[in-house]
Amino acid sequence: MTKFKKTVLHLLSISYCLLTLNGHAQTQEVPDKMTWWEDAKFGMFMHWGLYSQTAGYWDGRKAKGKEHFMLHERIPWKEYAKIADDFNPVNFDAEKWVLTAKDAGMKYIIITAKHHEGFAMFNSPSSDYNIVERTPYGKDPMKALVAACRKYDIKFGFYYSLGRDWQDPDVPTNWPEKAGRSNTWDFPDEDGKVFNNYFERKVKPQIKELLTQYGDIDIMWFDTPELISVAESKELRSLILDFQPNCIINSRIGNNEGDYLVTEQEIVKKTLDKPWEACITMSRNWGYVEYDTIYKSSELMTRQLLEIVSKGGNLLLNNGPTPEGEITQPASDRLAQMGNWMSKNSEGIYGASPWKISNELLSEMTQNSDDKKSDKENTMKDAENDATSKLIFPEVSFTTKDGYVYAYVASATEPNVMIKAFALEKQFKIKAVKMLGTEQKVTWTQTTDGLNIKLPQYSENEIPITGYQIELNEVD
């Protein structure tokens with residue numbers, strides 16, 4: 001080999017190494033990058049887009065499909081795009097959003113960068129169908145939101161609708177049947193649609209923009225993988241990790257290429273041995289709907305958080321900001337209440353793991369009619385599909401951390417409770433019981449029936465759930 005060839009090969013090798021270090025030549029996997037996420041337990045989900053502007057209405061009436069009304073009303077995308085002419089969220093305050101989440105005890109935020117409507121809520125040079133180019137607002141709200149998250153130490157992620165895009169001509173779907181969620185009124189030739197055309201033309205450029213325009217991105221949260229192929233899911237994962245090796249990816253990238261499982265509007269029945277997250281709405285809908293005024297109580301949502309954490313998961317709790325760019329008052333009020341509770345009781349939540357049992361009932365209970373409704377009654381399964389229980393009943397949820405067991409007594413109706421999981425015959429003896437968030441002494445006794453605890457009295461606006469740190473000694 002000549003000296004010249006050796007020099008050329010050496011320079012090529014150096015160039016390749018530099019390219020690799022810059023994150024564009026090979027996928028970089030980062031060990032333990034899931035640790036922060038598994039410890040976080042609680043995040044804020046935000047659905048915000050053109051559908052927010054119409055507030056649940058279309059053509060002077062309540063729209064079918066709520067935030068999915070473009071599909072259910074079969075609106076041509078060029079007509080739908082005119083909504084952007086009025087979208088001007090002048091009250092958007094990124095820091096206020098982030099502080100609302102932080103004060104609620106949330107550790108990360110996920111927001112819709114592009115929902116099924118195909119409209120980008122960020123500056124997208126590859127498509128002028130975006131908030132900067134098409135709206136009087138003319139700014140990129142994601143830039144301010146990422147900056148605020150960094151300022152207040154909140155992790156940040158983008159939601160991206162992967163297998164549905166009603167603005168693009170090449171997006172076939174297969175749920176609940178062929179073309180079931182496709183734009184067939186603008187683009188009727190379902191068999192002529194080639195997903196890879198859309199993947200190359202829109203998905204890859206926009207994902208690159210999201211990963212290169214805002215600095216570190218902690219999560220890519222995909223929705224509706226639909227007909228993405230195995231090869232495309234793998235390519236998309238490699239693309240993300242080439243640019244952002246620390247980025248976590250949810251399961252809806254498709255084809256088992258995600259880092260954690262997502263359940264939608266549902267809580268798993270039993271503890272899972274893999275990372276998982278439940279995304280659940282505060283009200284009935286994902287996006288802002290003016291007449292959607294029925295919100296879960298802060299008590300119910302805190303109970304759901306405890307149930308999820310006791311089963312090893314995270315809660316991603318959704319709210320839909322208004323077209324003016326504000327978090328609704330009912331959402332703000334409930335998040336503030338949850339934040340007050342978390343400030344006292346979060347010790348057994350952040351960084352906790354499931355105990356040997358997840359929960360225990362404190363009284364007999366029966367399902368009410370609301371929890372027995374057949375899914376067939378819900379004609380908008382992709383808009384209003386909340387399958388979580390709405391029941392309030394006395395129970396205890398358990399977690400463990402740093403050698404302690406944490407017992408959260410929820411919605412008890414008696415001044416004393418008996419927690420049967422701590423019966424003396426269960427092979428351990430209680431050494432100490434401490435109420436979280438206070439120095440108040442706990443009155444307790446342990447017998448062969450369980451742990452008897454005298455509960456505190458709750459004020460009118462206080463969430464009636466108390467957390468206890470329990471130190472155990474094993475019985476010989």
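An open sheet of eight strands sits in this predicted model, in the order E7-E6-E5-E4-E1-E10-E9-E8 with parallel pairing. Its edge strands are E7 (248-249) and E8 (261-264), each pairing on one side only. Strands pair if DSSP finds at least two bridges between them; helices (H or I, at least four residues) and strands (E, at least two) are DSSP runs, numbered from the N terminus.

As this is a predicted model, local features need pLDDT of at least 70 and side-chain atom pairs count only at pLDDT 80 or more, while totals for chains, interfaces and linings use all residues. Residues are numbered from 1 along each chain as its sequence is written, and side-chain values use heavy atoms, with hydrogens and water left out.

**Inside the sheet**
- E1 (residues 42-46) runs parallel to E4 (residues 108-114), and four bridges join them.
- Gly43 has Tyr108 in E4 as its bridge partner.

**Two helices side by side**
- H9 (residues 195-212) and H10 (residues 230-243) pack at about 20°, with axes 10 Å apart; axes are lines fitted to C-alpha atoms, for helices over the stretch in contact, and angles run from 0 to 180 degrees between N-to-C directions.
- That makes H9 roughly parallel to H10 (angles under 35 degrees count as such).
- Residues making the contact (heavy atoms within 4.5 Å) include Phe195 and Phe199 of H9, and Leu236 and Phe243 of H10.

**Cysteines**
- There are zero disulfides here (pairs of cysteine sulfur atoms within 2.5 Å).
- Cys247 counts as buried because its relative accessibility is 0%, and Cys279 is buried too, at 1% relative accessible area (buried means under 20%, with a 1.4 Å probe and protein chains only).

Technical notes
Buried means under 20% relative accessible area, exposed over 50%, partly exposed in between (1.4 Å probe, protein chains only). Angles under 35 degrees count as roughly parallel, over 145 as roughly antiparallel, 65 to 115 as roughly perpendicular and the rest as oblique.
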